[in-house]
Amino acid sequence: MNIQEVLSTEVKNGISELYEITLPSVEFQPTRKDFEGDITIVVFPMLRHVKGNPVQIGEQIGAYLKEHVDTVSGYNVIKGFLNIVISDSFYLSYFDTIRTDGGFGMVSATEDAIMVEYSSPNTNKPLHLGHIRNNLLGYSVAEILKASGRKVYKTQIINDRGIHICKSMLAWERFGNGETPESTGIKGDKLVGNYYVAFDKAYKEEIAAMVTKGVDKKIAEKEAPILMAAQEMLLKWEAGDDDIVSLWKTMNGWVYRGFDITYKNLGVDFDTLYYESDTYLLGKDVVADGLDKGVFFKKEDGSVWIDLTDEGLDEKIVLRSDGTAVYMTQDIGTAIQRVKDHPDINGMVYTVGNEQDYHFKVLFLILKKLGFSWSEKLHHLSYGMVDLPSGKMKSREGTVVDADDLMKDMTKTAGGISKELGKLEDYSEEEKEELYKMIGLGALKYYILKVDPKKRILFDPEESVDFQGNTGPFIQYTYARIQSILRKAKETGVDIVAAPDAGLVLHPKEKELIKQLQQFPDIIQLAADNYSPALVANYTYDLVKEFNSFYQQVSILGETDTAKKVLRVQLSQKVGETIKAAFKLLGIAVPDRM
């Protein structure tokens, strides 16, 4: 039982004894820095149940707690706020229970499984900066959910079919001269992306030529020969034409090998993959079943719709008049298929940009109306765009911010700054490169994950690699500093295995550090409940700030009192372990030296 639970129970007992009233709940908040105390009980909400002066009520509760709770060593009342001082022995005892706990903050998995979808790219171009935010968010939320006690399946649906894929295929057929990733030395996803750009260029040229001949621009956009040829190719693919399907498999294979390299470099993975070419026909049978149940209705032209006007939305098509599926049908079918494949799933998280907010509201409502119990536990992890100072990203014209290039640039930027700072004289070139990559990727990931997912980000590579402030490298540097302390402690024979001396009087900075560590398990649960890696990122920054303040004001290895020195080294070690564990949830590595 934590201190808040103990105090809550005792405050209710005290109110019952003093006023013969049952108090339903007790409100707590951290004590303000300018007052003495470790936790504050807010008296004002009690006035709904207890009549009297808030200061007087606070004094009476404080006196009751001091008499009945061993860990309360003092109190003071400021207006309607009762500040409670918790004894050093409580914090020392708490620290002793967590200091050797290798899984501190983590909860072992239950049978309650959740599926997290992220990435889900098109196979006609490489991954870009927007995909980076998507992958980092999805991966981190999956890791946080795991740490909070959920069984997690990481998945993606690969958009491997459709007109956009045929555009790259057709352009390669016409302009490619048989080139391959092997013959060109170009990564497969980039090669295919080049042909998507080549298609767009040829398409625009054809439109311009048609307009010059007097064709209306809108008609030209629909009837440009190259577009008609791509549409014809899609029909052949759907009909199972051997040559087209063979080319499709070959070019998608190039893309997947390219994607695998990007995912490996980014440090994300998946447990299971779904392909749109396997799922695009799913959902049609569900629509037929929904028609019978009266969930859907048919219009005169034969198209099938759902009416969501009572829910504040509008009518939504789920099947075209020619019987072909729309994206919504596909998503309905895919969700149902996933639960069939993994019967233990009791919820899904879709990591998709905020431009799809409406789509997911409709999808979740349809699944609910179809009667699936798990539809109550579907969540759209919606996120904002990522911009660079130079402007937004476009992919058709080939000016996209490429994920691989960005990761290389981040490593280069980290290298430049690290060289300026020096301190790497005894590193081999290989060790330096590894460190630059760790710092560069850590900077990129932290900069993106520290921001609330719903907010738009202006990503500034230079700012993200700063070794000061709320950045990945600042936190990594603190971790490396702690490892240096631990190495020196070992060299000088400091015994950090023994339990801390229970009779120690804590320095205020030691107490603050233990209080900060105490929050970690709750932060993991809160981040899981809110699907927000930003809570873990900013907690880690607060922990690091608290440690640096402790480091500056308290002597660690220079302390002459052995018991104090041992405790301070143990505290440093636990902070280091917690930084490493928190950063692991964000997919960020930490260096032992920097």
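**Helices and charges in a predicted model**

Glu-434 sits in helix α16, which covers residues 429-449. Keep in mind that this is a predicted model. On the surface, Glu-434 gathers with Glu-430, Glu-431 and Glu-433 in a patch of negative charge.

Next, helix α10, residues 242-266. After α10 comes Gly-267, with a positive phi near 80°.

Last, salt bridges. The count is 34, taking a side-chain nitrogen of Lys or Arg within 4 Å of a carboxyl oxygen of Asp or Glu. One of them joins Glu-512 and Lys-33, with the closest N and O atoms 3.6 Å apart. Glu-512 belongs to helix α19 (residues 508-518), while Lys-33 is in the loop between β1 (27-29) and β2 (39-42), so this pair ties together parts 479 residues apart in sequence.

Note on methods
Residues numbered from 1 in each chain as written. Predicted model: local features only at pLDDT ≥ 70, side-chain atom pairs only at ≥ 80, totals over all residues. Heavy atoms only, no water. Patch = residues over 30% accessible without salt bridge, like charges linked within 9 Å, V, L, I, M, F, W, Y side chains within 5 Å. Areas by Shrake-Rupley, 256 points an atom, 1.4 Å probe, with all protein chains shown as cover. Lys, Arg positive; Asp, Glu negative; His and termini not counted. Charge placed at Lys NZ, Arg CZ, Asp CG, Glu CD. Helix = DSSP H or I, 4+ residues; strand = E, 2+ residues; numbered from the N terminus. Expected span 1.5 Å × (residues − 1).
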